[in-house]
Amino acid sequence: ENLYGITIWKVQTGKLIRIVKGNIMVKSVSPDGFLAAESEYKAIKIREVRTGKLIRTLEGHSGSVESVDFSPDSKYLASGSEDKTIKIWEVQTGKLIRTLEGHSGSVESVDFSPDGRYLASGGKDGTIKIWEVQTGKLIRTLKGDTDWIISVNFSPNGRYLASAGVWGTTIKIWEVQTGKLIRTLKGHTHWVLSVDFSPDGRYLV
């Protein structure tokens with residue numbers, strides 16, 4: 001039996017809603033809760049959460065898809081790939097809107113800002129990049145103290161960005177508008193693979 005896949009649970013009851021099997025690497029649920037995106041090597045599959053029905057498959061990356069994220073209005077989906085690019089797709093049509101190029105290594109994490117204006121990306125080249133979604137313009141490049149950024153996450157107010165990566169044991173918090181490093185959080189004794197803010201922005205896990 002194929003044990004790879006994702007499980008969908010109902011938060012209020014803990015009830016198991018659905019198991020989607022497959023060689024699924026990463027996934028994201030749309031903010032409106034209707035669609036989920038998953039990557040299977042080079043392809044991205046978008047499903048209806050309630051039924052598990054496959055809505056569409058997005059293809060265009062030449063390498064493995066390492067990260068996906070829906071925009072806050074659920075209209076767009078960003079994907080980061082081993083091919084060193086980021087692609088922005090229109091969810092309703094599956095149309096490729098824009099390809100962002102600038103990383104010199106695999107793009108391991110993508111995250112839309114809460115207002116949907118910006119997209120942050122982190123990659124194996126050790127850089128964090130902030131892009132303007134509508135134009136595709138690279139706004140800023142940040143360099144941490146690790147050679148492999150694996151997680152980036154905007155704060156709920158969009159003012160800050162948290163990052164973490166392989167080979168590093170700290171979490172960095174950056175000011176988005178200036179690119180200034182605000183704080184370094186220490187405490188882990190091994191790689192930090194994922195960071196996320198609480199909804200009110202007071203806490204970071």
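## The largest pocket

A total of 33 residues line the largest pocket, and D69, V110, D111, N153 and D196 are the ones nearest its centre. A pocket here is an open set of points on a 1 Å grid over the protein atoms alone, where a 1.4 Å probe fits and protein lies on both sides within 12 Å along at least five of seven lines; lining residues have an atom within 4 Å of a point. The space inside comes to about 790 Å³, counted as what probe spheres set on the points would fill.

Strands β3 (27-29), β7 (65-70), β11 (107-112) and β15 (148-154) each give at least two residues to this lining. (Strands are DSSP runs of E, at least two residues, numbered from the N terminus.) Sorted by class, the lining holds 17 nonpolar, 10 polar and 6 charged residues.

## Where the numbers come from

This is a predicted model, so local features need pLDDT of at least 70 and side-chain atom pairs 80 or more, while totals for chains, interfaces and linings use all residues. Numbering starts from 1 along each chain as its sequence is written, and side-chain values use heavy atoms, leaving out hydrogens and water.

## The second largest pocket

This one has a volume of about 210 Å³. Its lining has 12 residues, with T7, I8, W9, V29 and V49 nearest the centre. Both β1 (5-9) and β3 supply two or more of them, and β1 gives the largest share, 4 residues.

## A four-stranded sheet

An open sheet runs β3-β4-β5-β6, paired antiparallel. Its edge strands are β3 and β6 (54-58).

Terms used. Nonpolar A, V, L, I, M, F, W, Y, C, P; charged D, E, K, R; others polar. Pairing = 2+ DSSP bridges.
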